[in-house]
Amino acid sequence: MTSRIPRDSRLRLVRPRPLAAAPAAIEQRRVRRPAPRPPEGTPAPAELAGMARSVLAAAARVARWADRALGPGGDSATADGKATLSDATARRAADALGLTVDQVCADWDTARLAGLIEVHGDSARPGWRLRAWDRDDSAVLRGWVALCDAWSLACPEPEDYEPAAVAEVVTAMPQVLSFLQLSAGPVPVPQLLDLLEQRVTELRTERCEVDYGPRPDTPAVAPEPRPAPAVDAPLRPLLDWALRALASVGALTYGDGQATLTPLGSWAVWVKLEQICVAAQSPAGNIEQGAEDMLRGCARLRPAAARAEYRAWLAARPVGSAVTELIAAARGEDALLRGLAFEALRVVGAPAEPEVRAALDEPTLRPYALLWLAEHDGEDPEDAHEVLTREEATWLWVDTAAAVADHGEAPLLLRHLETAVQPTVPALLDEVRAVGHPRTVQVLVALAAAHPDPAFAKAVRRAAFQVHTGG
C-alpha cells in the first residue's frame, strides 16, 4: 500500500508574521474610545514640534557634527579610535562649531537624552530621531518628551543632600507639574513648596512600617504608630533645582518667584495623564498590574491600543524596573507573553538595550532579542528576520505556533504554516524536530488537528509521535 503523503508539498512563502499578530485573531469588539482632545489653547502638533526643535536646536547641531566627524568612514577620528566624546573630540567640536567646550559637552548630553545620539559601549552613532528630525514632527516631540522625562539629569543637584531626599523630590514632581498644568498660569513658588512638602511627607508616611504584632514576653497590646518623619532638611533648594532643571529643558519658565508651564510642558503633562487614564479605564486596570498581568490584559487589544497601554504602564514606574519585569515575563512558559513583552520593550526603546543584549545568551529569548536589536539599529521590520539563522528562525516559528495554538484558532494556525521558511512539508517537519523546542509535540498535534488534509495530518501526527518517543 503506497502512502498518500505528497513528496513535495510546497508551502506558499510569505513574510513571517510577528507574534503580536496572533492576538488579532482573537480580538473582541471593543467600543472605540473617541480620540482625546488636548486642553483648549494647546498649539497644534506642528507648532509644538517647532517649539521642540527650537529647544533642541543646539543639541541637534552637535549631533549632526558628530554624524559627520565620528560616523563610519569619517575623515576625523578620536585619538583613541573610539567614537565617544573625549576631551579632544569636545575641543574639536568646539572649534568647528564656534562654541566653548562646556557648551559642546552640555549639548552632547542633551542630544543623548533626546535620542539624537545613541551611545553603545565605546561607540556613538546618530539616533533615528536625527534622521527624521526635519520631516517627522512626532519623532521630534518624542525626542523632547524623552529629554523632559530625564529633567533630573539636566542640571547638577544641590550638594549636601542625601540621595534619598533627591529621589523623593524627583518622585513628587509629577504632582507639582500636574498642579501647574491645572492652574494654567503662573503659580507662586511658596505654593509649590507647600505642595512639594505635603507630597514628600506622604511618601515618607507610606514607607513608615509599624509593627502591630505582639512581641515575645510582652503584653499583646498594639503599640502606638510612629508619626511620619518630618521633613529633615529644607526642600526649597531642591525645589529650586527641580524648577531650574525643568526650565532648562523647556518644560516651564521660572523667575520672579513663580513658575509657569510652557505650551510644551503643559502638553507633555496632559499626554502623561491621558496615558494613565487610558490604562486605568481598561478592563483589567493594566497600569496597576505586574508585567505578566498587564501583557495578558493587552493580548486582545489591537496593536495601536496595546502600545498605548504599554506606554501608560511604563509611565507609571521606573524604566529600569519595568524592563526587568518585562524580561522576566518573557522567560515564562507562555509564548504569547514572550512576544508581547518584546513588543512592550520596543516602546521602551534605547534604555532597554543593555538587558535585551544580555538576553542573547538565553536560547529562549535569543531570536526575539536579535529581532529587537536589528530594528533598534535601524533595520526595516520587514527585513529584520534576516538576522536570524535558519535554526533560530525555526525555533521562533515553533514558539509563535505555540502561542497561536494556546490563544488562537485553527485558521490562524494554518495561516502561520504558510510563514515557514522551509520550502517543503518534509523539510519543515525535519527541522522542527531537530530544533528541540519544548512545545514541539503540542504544536504538531494542534497543527494535525487543524489541517483539513488527512495525509498531511497523518504525517504531522507521525512526526509528533517520533518527537514524543525520542525516535
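## Surface and overall make-up

The accessible surface of the chain is about 24,800 Å², and carbon and sulfur atoms account for 53% of that area. Accessible areas follow the Shrake-Rupley method with a 1.4 Å probe, and for residues only the protein chains shown count as cover. This is a predicted model, in which local features need pLDDT of at least 70, side-chain atom pairs count only at pLDDT 80 or more, and totals for chains, interfaces and linings use all residues. Residues are numbered from 1 along each chain as its sequence is written, and side-chain values use heavy atoms, with hydrogens and water left out.

The chain has 471 residues, and 43% of them are buried. Buried means under 20% relative accessible area, exposed means over 50%, and partly exposed lies in between (1.4 Å probe, protein chains only). The chain holds 21 helices and five strands. Both are DSSP runs numbered from the N terminus: helices are H or I with at least four residues, strands are E with at least two. Take the contacts (heavy atoms within 4.5 Å) between residues at least 6 apart in sequence: 66% of them join residues at least 24 apart.

Two strands pair if DSSP finds at least two bridges between them. In general, strands of a sheet pair through backbone hydrogen bonds, either parallel or antiparallel.

Strand β3 covers residues 187–188 and joins β5 through two antiparallel bridges. Here V187 stands opposite A259 of β5. Strand β4, residues 252–255, joins β5 through four antiparallel bridges. On this side Y254 faces A259, and T253 faces T260.

Strand β5 spans residues 258–261. A259 and L261 form its covered face, while Q258 and T260 form the uncovered one. Axes are lines fitted to C-alpha atoms, for helices over the stretch in contact, and angles run from 0 to 180 degrees between N-to-C directions.

The hairpin of β4 and β5 has two residues between its strands. D256 sits in this loop. Its phi is near 55 degrees, a positive value in a residue other than glycine. D256 has a relative accessible area of 80%, so it counts as exposed.

A184 is another non-glycine residue with positive phi, about 55 degrees. This residue lies in the loop between α7 (163–183) and β3. A184 has a relative accessible area of 70%, so it is exposed.

## A helix crossing

Helix α11 (residues 291–298) and helix α13 (residues 319–330) have axes that come within 9 Å and cross at roughly 70 degrees. The two helices are therefore roughly perpendicular to each other. That label covers 65 to 115 degrees; under 35 is roughly parallel, over 145 roughly antiparallel, and the rest oblique. From α11, the contact uses A291, E292, M294 and L295. From α13, it uses E325, L326 and A329.

## Cysteines

A search of the whole structure finds zero disulfides. A disulfide is a pair of cysteine sulfur atoms within 2.5 Å. C298 is buried at 1% relative accessibility, whereas C105 is partly exposed at 29% relative accessible area.
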